[in-house]
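Visitor: I am new to this structure. Please show me how to read its features.

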Amino acid sequence: MAGRIPAETVDRILARTDIVDLINGRVQLKKAGSIYKACCPFHDEKTPSFKVDPRRGTWHCYGACSDGGDQISFLERITGLAGVRRIVVNVLSESQIQVGA
């Protein structure tokens, strides 16, 4: 598994990773109808502008940073580790782990 992660593999990883559980482990989310909300962890604010939509598997800040994405982009942003997708490829390759269907 050298180079890029196949899109199918990324899709399987994202499908198996609950975005609410992942983000709620780092940001205290509150249920608001069918979505979850919180104050954005990436800038100071008093009114929650950070939304997580479990049906779409996405997060978005409607405040100052106006950023958003999926589970992987959240981890990249919250940890400051650019290229998490590349790191996953290296770990899977070195561990000889195959991501099955």
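Visitor: How many aromatic pairs does a search of the whole structure find?

Guide: A pair of aromatic rings is described by the distance of the centres and the angle of the planes. Rings of Phe, Tyr and Trp (its six-membered ring) pair if their centres lie within 6.5 Å; planes under 30 degrees apart are stacked, over 60 edge-to-face, the rest tilted. The search of the whole structure finds six such pairs. The F42 and W59 ring centres are 5.7 Å apart with planes at 50°, so this pair is tilted. F42 is in the loop between β2 and β3, and W59 is in strand β4, 17 residues apart. The model is predicted: local features need pLDDT of at least 70 and side-chain atom pairs 80 or more, while totals for chains, interfaces and linings use all residues. Residues are numbered from 1 along each chain as its sequence is written, and side-chain values use heavy atoms, without hydrogens and water.

Visitor: Are F42 and W59 buried or exposed?

Guide: Buried means under 20% relative accessible area, exposed over 50%, partly exposed in between (1.4 Å probe, protein chains only). Both F42 and W59 are buried.

Key
Helix = DSSP H or I, 4+ residues; strand = E, 2+ residues; numbered from the N terminus.
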